[in-house]
Amino acid sequence: MSGKLEVLTPNNSQLIFIDQQPQMAFGVQSIDRQTLKNNVVGLAKAGRIFDIPTTITTVETGSFSGHTYPELLAVFPENDILERTSMNSWDDQNVRDALAKNAANGRKKIVVSGLWTEVCNTTFALSAMHDTDYEIYMVADASGGTSIDAHKYAMDRMVQAGVVPVTWQQVLLEWQRDWAHKETYDAVTSLVKEHSGAYGMGIDYAVTIVHKGEERVHHGKRIGPNPAK
């Protein structure tokens with residue numbers, strides 16, 4: 001039976017963020033870049049909630065790509081940042097060692113968020129799968145390519161090779177799995193309120209209007225209506 005039929009859990013997964021750096025993001029045309037950053041940080045916070053071992057790797061930070069988004073680093077302030085020269089993260093031994101350490105503990109499902117989809121993500125995914133028994137889960141909406149076509153056809157190529165395409169919210173909810181898991185319930189619902197757009201708005205609406213709970217923020221008095229004469 002294929003291991004890909006086993007859902008993602010907090011115990012079988014690890015995360016890698018590849019080249020989430022400003023100069024790389026400047027070239028992204030497949031997704032709105034603010035949406036991209038929102039999704040990347042949302043995925044990172046999901047990893048933090050579920051204690052998912054996380055690798056952050058960068059390329060040519062000082063000479064070209066710039067520093068990793070501060071919002072991402074703030075989620076993992078204790079993490080080392082693994083610098084590379086190769087566009088393919090698999091070419092760097094520090095990256096391989098970090099992934100292997102987690103895989104040795106049963107975490108062979110590697111959830112990937114990176115830039116660009118058609119270069120750094122694709123070469124990493126194909127190489128890692130070629131050389132190991134790791135499973136690659138590519139977070140399509142927390143990754144970006146230099147055009148819509150570049151992202152799409154890179155995703156198609158990876159899927160044909162056995163990569164599993166996912167979205168960041170899908171990963172979050174697969175890790176949560178059951179709302180009876182109260183130890184992560186509040187953190188997950190807080191995360192979706194902040195990063196999940198309509199889903200988060202819906203939770204706020206349900207809490208305040210349907211269940212008559214309090215609003216999340218204190219604000220000024222509600223005045224009116226006062227129709228003009």
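Which residues line the largest pocket? I looked there before anything else. Pro 53, Thr 54, Thr 55, Ile 56, Asn 79, Asp 80, Leu 82, Ala 98, Lys 101 and Asn 102 form the lining. I note that this is a predicted model, where local features need pLDDT of at least 70, side-chain atom pairs count only at pLDDT 80 or more, and totals for chains, interfaces and linings use all residues. Residues are numbered from 1 along each chain as its sequence is written, and side-chain values use heavy atoms, with hydrogens and water left out.

**Entry: pockets**

My pocket is an open set of points on a 1 Å grid over the protein atoms alone, where a 1.4 Å probe fits, with protein on both sides within 12 Å along at least five of seven lines; lining residues have an atom within 4 Å of a point. Volume is the space filled by probe spheres set on the points, which are joined across faces, edges and corners.

The largest pocket holds about 180 Å³ of space. Strand β2 (54-59) and helix α5 (93-103) each give two or more residues to its lining. I took elements from DSSP runs: helices are H or I with at least four residues, strands are E with at least two, numbered from the N terminus. By class, I find 4 nonpolar, 4 polar and 2 charged residues in this lining. Here Ala, Val, Leu, Ile, Met, Phe, Trp, Tyr, Cys and Pro count as nonpolar, Asp, Glu, Lys and Arg as charged, and the others, Gly among them, as polar.

I then checked the second largest pocket, with about 150 Å³ of space. It has 13 lining residues, and the closest to its centre are Pro 10, Phe 50, Trp 175, His 181 and Glu 183. Helix α8 provides the largest share of that lining, 3 residues.

**Entry: Phe 50 and Trp 175**

Two of those names sent me to the rings. Rings of Phe, Tyr and Trp (its six-membered ring) pair if their centres lie within 6.5 Å; planes under 30 degrees apart are stacked, over 60 edge-to-face, the rest tilted. I find 5 aromatic pairs in the structure. Phe 50 and Trp 175 have ring centres 6.0 Å apart and planes at 50 degrees, so this pair is tilted. Phe 50 is in the loop between α2 and β2 and Trp 175 in helix α8, so the pair ties together parts 125 residues apart in sequence. Are they buried or exposed? Phe 50 is buried at 9% relative accessibility, and Trp 175 is buried at 2%. My cut-offs are under 20% relative accessible area for buried, over 50% for exposed, and partly exposed in between (1.4 Å probe, protein chains only).

**Entry: core**

Trp 175 turns up again in the largest nonpolar core, which has 35 residues; Phe 17, Leu 43 and Val 111 are also among those with the most contacts inside it. A core is a set of buried Ala, Val, Leu, Ile, Met, Phe, Trp, Tyr and Cys residues joined through side-chain atoms within 4.5 Å. Helix α2 gives the largest share, 6 residues.

**Entry: backbone**

I looked up cis peptide bonds next. One joins Leu 115 and Trp 116, with omega about -10 degrees. Trp 116 sits in the loop between β4 (109-114) and α6 (117-131). The bond from Gly 224 to Pro 225 is also cis, with omega near 5 degrees.

Arg 177 is not a glycine, yet its phi is positive, near 65 degrees. I place Arg 177 in the loop between α8 and α9. Arg 177 counts as exposed, at 65% relative accessibility.
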